[in-house]
Amino acid sequence: AYERRFPTCPLIPMFVASDTVNEYKSEDEAIHVIERRCKLDIDAPRLLKKIAGVDYVYFIQKNSLNRRERTLHIEAYNETFSNRVIINEHCCYTVHPDNEDWTCFEQSASLDIKSFFGFESTVEKIAMKQYTSNIKKGKEIIEYYLKQLEEEGITFVPRWTPPVACKLESSTSHTRRPVSPAINIPDSATKEGLNNKEILNASSSPSEPTAGTPDDKLDADYIKRYLGDLTPMQESCLIRLRQWLQETHKGKIPKDEHILRFLRARDFNIDKAREILCQSLTWRKQHQVDYILDTWNPPQVLQDYYAGGWHHHDKDGRPLYVLRLGQMDTKGLVRALGEEALLRYVLSINEEGLRRCEENTKVFGRPISSWTCLVDLEGLNMRHLWRPGVKALLRIIEVVEANYPETLGRLLILRAPRVFPVLWTLVSPFIDDNTRKKFLIYAGNDYQGPGGLLDYIDKEIIPDFLGGECMCEVPEGGLVPKSLYRTAEELENEDIKLWTETIYQSASVFKGAPHEVLIQIVDASSVITWDFDVCKGDIVFNIFHSKRAPQPPKKDSLGAHSITSPGGNNVQLIDKVWQLGRDYSMVESPLICKEGESVQGSHVTRWPGFYILQWKFHSMPACATTNLPRVDDVLASLQVSSHKCKVMYYTEVIGSEDFRGSMTSLESSHSGFSQLSAATTSSSQSHSSSMISR
């Protein structure tokens with residue numbers, strides 16, 4: 001059935017043709033290797049194809065059939081642009097070791113974009129879209145050819161036997177083997193790093209109906225190994241939410257384990273889980289959280305005085321993080337580093353925790369999706385209740401709660417002093433009820449008795465400062481020297497530096513105060529490209545051209561709306577006395593963009609001069625509600641108006657010399673980043689107000 005996809009497949013419009021470039025058959029016909037060069041018409045914007053100078057891309061696909069081992073291995077890699085983009089895919093069909101009536105299908109693929117004419121992000125999104133659509137359609141295609149075989153009277157395939165055995169048993173009829181049913185077979189066009197495994201029953205009788213959608217079924221071994229116990233309803237929710245992300249979200253798709261965390265955090269209410277997951281995905285993209293472990297090095301002050309670190313694992317196999325909060329100079333760290341550096345360091349700790357959970361899952365052979373945190377409060381006093389330090393702690397708790405749900409398996413609080421109830425009263429309202437249930441608090445030396453530390457951590461790894469024999473490499477903390485303190489102005493500049501280590505910029509758009517970006521074009525036929533996400537509210541996107549330069553940009557002066565931090569930049573360039581049609585002209589039709597949408601586009605300039613990209617307020621943004629109070633709702637009194645939108649954008653100009661052939665204007669294209677709707681409003685309000693409070 002799979003071989004019938006060649007030389008071309010009408011069910012895959014992008015698969016134009018294929019030619020056999022190499023073929024090998026062993027003498028006993030057990031091995032058959034065939035290598036093909038496949039011609040693909042990728043569904044990409046016409047301008048992008050013009051930039052690349054190609055209409056089609058070519059892949060090399062090698063199929064290795066081993067009838068003796070009853071396996072089919074499929075390898076594919078791209079021939080076109082192989083010096084810029086590296087795509088590798090491997091698929092494998094095998095017979096299930098415990099049930100020969102089952103066919104196993106495993107797949108892995110990787111995508112590495114080194115450079116692509118400045119359109120790396122666009123290429124990645126196209127690859128992901130094409131890949132997920134092919135996976136979804138793979139089952140339909142194989143079923144089509146299986147049905148075609150049945151109509152031709154082919155209902156079984158004889159098992160291969162050695163030539164000698166065939167002669168000796170020529171009078172013996174072959175045992176009939178049922179044909180494997182439809183299984184996912186993605187095309188080898190554009191691939192993203194994914195892992196997919198399906199084991200499907202191949203009996204000729206109709207399969208039993210299951211709850212939910214037809215595809216709501218995961219392999220039981222996969223669930224037991226990586227996800228833990230799931231009811232049919234929970235399994236169905238996971239599949240549906242993952243499919244929704246694959247169809248609507250154009251960025252990196254989280255792993256099943258991470259999606260499951262958000263579902264568990266909302267008791268498998270799929271709508272609520274989707275809302276908080278979408279907020280988190282937008283936040284991760286804006287602040288480049290996926291790359292924080294590779295691109296950010298903690299300042300030396302943190303490495304010397306932040307009294308926390310990873311220390312082996314608990315009895316359940318969870319990674320163990322030790323925090324000596326009582327020995328930490330929170331005031332000194334905030335004065336020396338600022339709130340943003342501390343937050344980023346905590347984010348890097350959480351990202352490292354996710355990585356360690358994956359490693360421990362492999363080591364212990366069972367799903368481990370959370371970690372244990374041991375907090376030693378010896379030394380905690382009123383110094384730790386310094387208001388800016390508490391504010392930083394509350395904000396960190398809020399960010400972690402929103403973006404790393406169900407990652408804390410257990411929190412052991414040891415040697416809690418008398419001042420602890422005061423701190424607990426301040427922070428507990430910001431902690432989710434499910435998380436609070438995981439707290440175990442011990443006063444004095446109670447942790448050494450029954451029901452204490454030994455119930456959760458092996459004796460061999462109890463840290464030395466808690467009376468154990470294991471040397472713990474966690475820094476001892478101590479007072480931060482006042483010589484390392486910095487002024488408020490220095491800390492503000494550092495905060496800006498930390499939050500702008502991304503190619504994207506953030507801007508606020510108010511009613512009557514659009515945000516505008518000036519681009520000067522010297523050579524006609526240059527191409528202006530843009531990529532932006534509407535994080536909050538609805539906006540109208542415009543592109544204007546003027547022969548004369550506008551006045552130097554001025555910050556908006558709307559009183560309460562005046563924002564100077566990177567989270568709320570607002571620049572207006574078009575003078576109020578300018579008239580459309582006289583002083584400047586519109587070069588693209590206005591584009592209305594809804595909250596949550598991601599928009600990419602390009603404009604080929606016809607004239608030199610000054611081009612202005614404008615994001616303008618369109619309508620009243622929707623309001624979202626939340627059960628938990630927000631840090632800045634309490635500490636900053638929310639001075640922000642509801643007449644506010646927020647965008648995250650990136651622009652680039654590519655010279656005409658980098659293009660091939662003729663070019664035409666390409667209108668902005670909605671990619672429907674994740675249909676966030678009002679889902680981002682809540683988190684956006686919190687982020688914006690925190691920017692104001694700083």
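In the hairpin of strands S3 and S4, 4 residues lie between the strands, and Arg-70 takes a positive phi near 60°. Strands here are DSSP runs of E with at least two residues, helices are runs of H or I with at least four, and both are numbered from the N terminus. The model is predicted, so local features need pLDDT of at least 70 and side-chain atom pairs count only at pLDDT 80 or more, while totals for chains, interfaces and linings use all residues. Residues are numbered from 1 along each chain as its sequence is written, and side-chain values use heavy atoms, with hydrogens and water left out.

S3 covers residues 57-66. Of its 10 residues, 7 are buried, so the strand is largely enclosed by the rest of the structure. Buried means under 20% relative accessible area, exposed means over 50%, and partly exposed lies in between (1.4 Å probe, protein chains only). S3 pairs with strand S4 (residues 71-78) in the antiparallel sense over 8 bridges. Two strands pair if DSSP finds at least two bridges between them. Leu-65 stands opposite Leu-72 in S4. Strand S2 (residues 31-40) also pairs with S3 in the antiparallel sense, over 10 bridges. There, Phe-59 in S3 is the bridge partner of Cys-38.

Antiparallel pairing joins S15 to strand S21 (residues 598-604) through 7 bridges. S15 is also joined to strand S23 (residues 644-654), again antiparallel, through 9 bridges. Trp-530 stands opposite Gly-601 in S21 and opposite Thr-651 in S23.

The largest nonpolar core has 54 residues, and Tyr-306, Leu-333 and Leu-377 have the most contacts inside it. Such a core is a set of buried Ala, Val, Leu, Ile, Met, Phe, Trp, Tyr and Cys residues joined through side-chain atoms within 4.5 Å. Elements that each supply at least two residues include helix H9 (300-305), strand S9 (319-323), helix H10 (330-337) and helix H11 (339-364). H11 gives the most, with 9 residues. A second, separate core of 28 residues includes Ile-42, Ala-44, Leu-72 and Tyr-93.

H11 is mostly covered, with 19 of its 26 residues buried. At 1.5 Å a residue, these 26 residues should span 38 Å, and the end C-alpha atoms are 37 Å apart, which agrees. The expected span of a helix is 1.5 Å times one less than its number of residues. Gly-365 follows H11 and has a positive phi, near 70°.

Buried residues of H5 include Cys-237, Leu-241, Trp-244 and Leu-245. The buried residues of H5 pack against helices H4 (220-227), H6 (256-265) and H7 (270-286).

Tyr-306 touches Val-301, Tyr-321, Leu-323, Met-328, Leu-333, Leu-342, Tyr-345, Val-346, Ile-349 and Pro-475, not counting residues up to four places away in sequence. Contact means heavy atoms within 4.5 Å.

Across the whole structure, a search finds 18 aromatic pairs. Rings of Phe, Tyr and Trp (its six-membered ring) pair if their centres lie within 6.5 Å; planes under 30 degrees apart count as stacked, over 60 as edge-to-face and the rest as tilted. The rings of Tyr-306 and Tyr-345 have centres 4.8 Å apart and planes at 80°, so this pair is edge-to-face. It links distant parts of the chain, 39 residues apart: Tyr-306 lies in the loop between H9 and strand S8 (308-313), Tyr-345 in H11. Both Tyr-306 and Tyr-345 are buried. Trp-578 and Tyr-584 form a tilted pair, 5.9 Å centre to centre with 35° between the planes. Trp-578 is buried at 10% relative accessible area, and Tyr-584 is buried at 12%. Ring pairs also link Tyr-2, Phe-6, Phe-15, Tyr-93 and Phe-105 into a cluster.

The count of disulfides, defined as pairs of cysteine sulfur atoms within 2.5 Å, comes to 0. Cys-91 is in no disulfide, and the nearest cysteine sulfur, that of Cys-92, is 8.9 Å away. Cys-91 is buried, with a relative accessible area of 3%. The sulfur of Cys-104 is 8.8 Å from the closest cysteine sulfur, in Cys-92, too far for a bond. Cys-104 also counts as buried, at 6% relative accessibility.
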